[in-house]
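Hi,

Here's the structure I said I'd pass along. Have a look, and my notes follow below.

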Amino acid sequence: MSINISTRRIFSAKIKVCQLFSVSRGVKTSRFYRIQHDVKHTSPSRRPEPSQADSLTEIGVRSIFSEEHDILRRNARKFYTEEVVPNRERWEKDGRVDREFWKKIGAAGLLGVGTRAEAGGWGGDYKSACVMEEEHAYVNWLVGATFGGHSEVTLPYLDNYGTKSQHEQFVPQMVRGEKIGAIAMTEPSSGSDLQGIKTHAKQDGDDWILNGSKVFITNGISADVTVVVAVTDLNAKHKARGISLFLVEDGTPGFNKGRILKKLGMRASETGELFFDDVRLPKSAILGGEERLNQGFYCLMQQLPRERLGIGVVCTAHAEYIFETTREYIKQRKAFGSSLSKLQTVQHRMAEMKTKICTTRAFIDQCIQLMDEGRLDASTASMAKIWASDMAFKVINECLQLHGGWGYMWEYPVARAFVDSRVAPIYGGSNDIMNELIARDIVAE
Ligand SMILES: Cc1cc2nc3c(=O)[nH]c(=O)nc-3n(C[C@H](O)[C@H](O)[C@H](O)COP(=O)(O)OP(=O)(O)OC[C@H]3O[C@@H](n4cnc5c(N)ncnc54)[C@H](O)[C@@H]3O)c2cc1C
């Protein structure tokens, strides 16, 4: 069974119980299931939470998910383990993923999973999109930002605001990995202050002339289509009401790509700079068409909570993964005649970390449920981002310490995770800005 057939089956038809059992065969049974066997009155549909399972990355856990999600997760895990992990060093050297792989992951049905079918996506629920993100984290988030930036950050703008012809022009090809997407908000002189951007577009007859520059753009150099945030009304009473989103295609005259920036971490994930020099765009390049002119800031405010929760989702899963690799490490590493895992101080550190991860997991799953039901507010999404990104960085740092000198070596997953996790409190809106958003709600009258 090829992976994309599974994806189709999950989203287009009910899965028969017999199919599920055949797919589940061979998967490790958790302690929860063993206990449940003996407890006759407990509903068999109740799923264990990760704190009750043998491993924090176990499949078949968490009450927010279903067996359909488990199938999707199993497929994604297999694909990422077999196809992503072996390529990591080459991609880290190149600073990006090669185009052939984009087509491969697209053909496997693992892009645009949470994009509506009417817009040209797979039509999975938000939880399915989270499964994709978490599974990237369970292979150490090697290229998660690349594909998350495409599927979970850029595609939602096209999905939610694109016109029918914009959907047809971009979404199916992006879902197949034939076109790469990026979103460009940040500028060299303005990141946190989105309303302070200088990139602007001026109307010229039916066209718009775009000028300015952007920086730190995930997939920016490779992208075939970039959602560009620009000021379109310099005289707007409120700056927020004078901003629009443009779809700018690669190769448009005046649109120049700069360097792939060298980063501290996430080295296989491309981050670039973009320049717009009198780029002439037709009015059909306004995302959502003319009726969305000057509504770009509103679109950003609607979509940023999804990006921020996505960061919380990834950070929590990343901490779970590194916790499990550390658990294995301390069991086999010998010191003073026995394994590290026999030392009580080490055991207590592991206990504290598990508690931190599992309490975060409970909140993040609550947020995923809220997002799935369309009820997640901006303030709660900001809390998810702050809490999970801080927690993950602290846990990964502690795990690195437990690895001793080997934790500082690139060949160990924890070394990569340490530098990669440092970005989460910064991007997607820094954690200081998240505090601003949460505080605004607290003191609002
Ligand atoms: C790897 C990576 C990938 C990225 N991908 C993208 C992308 O695809 N698209 C995109 O548009 N952007 C992207 N970004 C940019 C990212 O979102 C910004 O870096 C982030 O929003 C912070 O903006 P800044 O870097 O300009 O920092 P600044 O705004 O200059 O902030 C500097 C510091 O000041 C603090 N600060 C600023 N304002 C306040 C305030 N009011 N109160 C308290 N403290 C404050 C900040 O918290 C921060 O610590 C990416 C960044 C990185 C590192």
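Which atom of the ligand does a backbone N or O atom of F216 lie 2.8 Å from? A nitrogen atom of the ligand, as it turns out. Bear in mind that this is a predicted model.

While we're at the ligand: 19 residues surround it, and the closest are T186, S192, F216, S430 and D432. S192 puts a polar side-chain atom 2.6 Å from an oxygen atom of the ligand. With G191, a backbone N or O atom sits 3.2 Å from a ligand oxygen atom.

I also looked at two helix pairs.

The pair α4 (residues 67–84) and α6 (residues 99–107) has axes that come within 12 Å and cross at roughly 160°. Angles over 145 degrees count as roughly antiparallel, so that is what α4 and α6 are to each other. Their crossing is right-handed. On the α4 side the contact is made by F79, Y80, E83 and V84, and on the α6 side by F101, K104 and I105. Sorted by class, that contact has five nonpolar and two charged residues, with no polar ones.

Then there's α12 (residues 378–402) with α14 (residues 431–443): the axes come within 9 Å and cross at roughly 145°. This crossing is left-handed. From α12, the contact uses S379, S382, M383, K385, I386, S389 and D390, while α14 brings N431, M434, N435, L437, I438 and D441. The classes here are five nonpolar, five polar and three charged.

Cheers

Technical notes: Residues numbered from 1 in each chain as written. Predicted model: local features only at pLDDT ≥ 70, side-chain atom pairs only at ≥ 80, totals over all residues. Heavy atoms only, no water. Axes fitted to C-alpha atoms, helices over the stretch in contact; angles between N-to-C directions. Helix = DSSP H or I, 4+ residues; strand = E, 2+ residues; numbered from the N terminus. Parallel < 35°, antiparallel > 145°, perpendicular 65-115°, else oblique. Left-handed = near helix turned anticlockwise from the far one by under 90°. Contact = heavy atoms within 4.5 Å. Nonpolar A, V, L, I, M, F, W, Y, C, P; charged D, E, K, R; others polar. Near = heavy atom within 4 Å. Polar contact = N/O pair within 3.5 Å; in protein donor to acceptor, adjacent residues only side chain to side chain.
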